[in-house]
Amino acid sequence: MGENSYIYSHHVFLEDDQVKDVVLPEGVHLEGTTLSFDEGKYDLHVVISLHHDGELHYHFAKNTTVNLVETRTLADNVKLSRTFKVDENAHINIFNENESVNKAAIHFDDQGVVGRDASFHLGYAELSDGSLDANYNFILAGTNANMKLRMAALSKLEEKKHYTVNIEHHAPYTYGIMDNYGVAKDAGSMTIDGIGTIKKGMHKSESHQTNKIMVFDEASRASANPYLYIDDYDVQASHAAGVGRMDENHLYYLQSRGLTKRQAMQLITYGYLKPVIDVVDNPMIKERFEKVLGKVGA
């Protein structure tokens, strides 16, 4: 990658088992497949290109503040496994861009643990070409841990995309929310399973989720499935899920205003995914979503 391709001056480019390019600030360390962050404030762009299964481990020390963008490209049948350890009072914001173009399905597996008084905010832009299966699991392990996950996903041209998002509360006074928006069109299929779990004794915790998918045509398939497993009474929990059909009147109206059918469908796709921007309160993640989703509506 060229220097102008990086979002931040500090960056890492990993291709399979090799480090192709790295400029790290003092306090950030890359050892093998582990990126560790000492106490401090950092902006970092991580670029990953995999032709075979790979892994990456993030460790954020206590009192650390990080804005991180990860751009990944996976070849057919490849799996990327990641772990996140967010220590006490760390404030971590990560935006994930999947830019893969694959014929056979790819796989993502994320496992994270969030410590006491820490905040972990994740954005997933899943607008890639090709089928995939993703499993995202996070544990709120410390009192007052805070987790916000937002995803925008697109399935098209007979792609099959399946996402499982799970946030578990293993400490009291924890807060977890997910907002997942998807579009299935041109015979694409999409499934989103949102899971919120509050263990017994984890009082004053909150688990909230929204999972919504729009279907553009009869050949496309979608399923939005919310699951709440609540083992304590003194908590708050909610879910909203829905699968809807595109309003043909919107399509006709846009075409009557001079847009082609393709342009109109692109604009409707953007409009349906845009709510994920509205619920993001981190400036970096909001900006990245706006930039990526703007390409859908172009």
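My entries below go from the whole chain to its parts.

**Entry 1: the whole chain**

I noted at the start that this is a predicted model. I looked up the secondary structure and found four helices and 19 strands in the protein chain. Next came the radius of gyration, which is 19 Å. The globule rule also gives 19 Å for 298 residues, so the chain is as compact as a globular protein of that length. I then looked at the box that the C-alpha atoms fill. Along the principal axes, this box is roughly 55 × 55 × 35 Å.

**Entry 2: inside and surface**

I looked up burial for the chain. Of the 298 residues, 52% are buried. The accessible surface comes to about 13,100 Å². Carbon and sulfur atoms hold 48% of that surface. Last, I looked up the charges: 29 are positive and 42 are negative. Their mean positions lie 6 Å apart.

**Entry 3: strand β15**

I turned to β15, which covers residues 175-184. Is this strand enclosed or open? Nine of its 10 residues are buried, so β15 is largely enclosed by the rest of the structure. I then looked for its partners. Strand β13, residues 146-155, pairs with β15 in the parallel sense over 10 bridges. In that pairing, Ser 155 has Ala 184 of β15 as its bridge partner. Strand β17, residues 206-215, also pairs with β15 in the parallel sense, over 10 bridges. Here Val 183 stands opposite Met 214 in β17.

**Entry 4: Met 178**

The cut-off for buried is under 20%. Which residues does Met 178 touch, leaving out those up to four places away in sequence? I listed Leu 149, Val 165, Ile 167, Gly 194, Ile 195, His 208, Gln 209, Thr 210 and Asn 211. I also looked up a distance to Tyr 233, which is 55 residues from Met 178 along the chain. The C-alpha atoms of Met 178 and Tyr 233 are separated by 21 Å.

**Entry 5: strand β6**

I moved on to β6, residues 54-60. Which residues lie on its covered face? They are Gly 54, Leu 56, Tyr 58 and Phe 60. The uncovered face holds Glu 55, His 57 and His 59. Strand β4, residues 34-37, pairs with β6 in the parallel sense over four bridges. Phe 37 stands opposite Phe 60 in β6. Strand β8, residues 79-86, pairs with β6 in the parallel sense over seven bridges. There, the bridge partner of His 59 is Lys 85 in β8.

**Entry 6: positive phi in two loops**

I ended with backbone angles. Leu 157 is not a glycine, yet its phi is positive, at about 50 degrees. Leu 157 sits in the loop between β13 and β14. Its relative accessibility is 61%, so Leu 157 counts as exposed. Asp 186, another residue other than glycine, has a positive phi near 55 degrees. Asp 186 is found in the loop between β15 and β16. With a relative accessible area of 36%, Asp 186 is partly exposed.

Notes. Residues numbered from 1 in each chain as written. Predicted model: local features only at pLDDT ≥ 70, side-chain atom pairs only at ≥ 80, totals over all residues. Heavy atoms only, no water. Rg over C-alpha atoms; globule rule 2.2 N^0.38 Å. Buried < 20%, exposed > 50% of the residue type's maximum accessible area, 1.4 Å probe, protein only. Areas by Shrake-Rupley, 256 points an atom, 1.4 Å probe, with all protein chains shown as cover. Lys, Arg positive; Asp, Glu negative; His and termini not counted. Charge placed at Lys NZ, Arg CZ, Asp CG, Glu CD. Pairing = 2+ DSSP bridges. Contact = heavy atoms within 4.5 Å.
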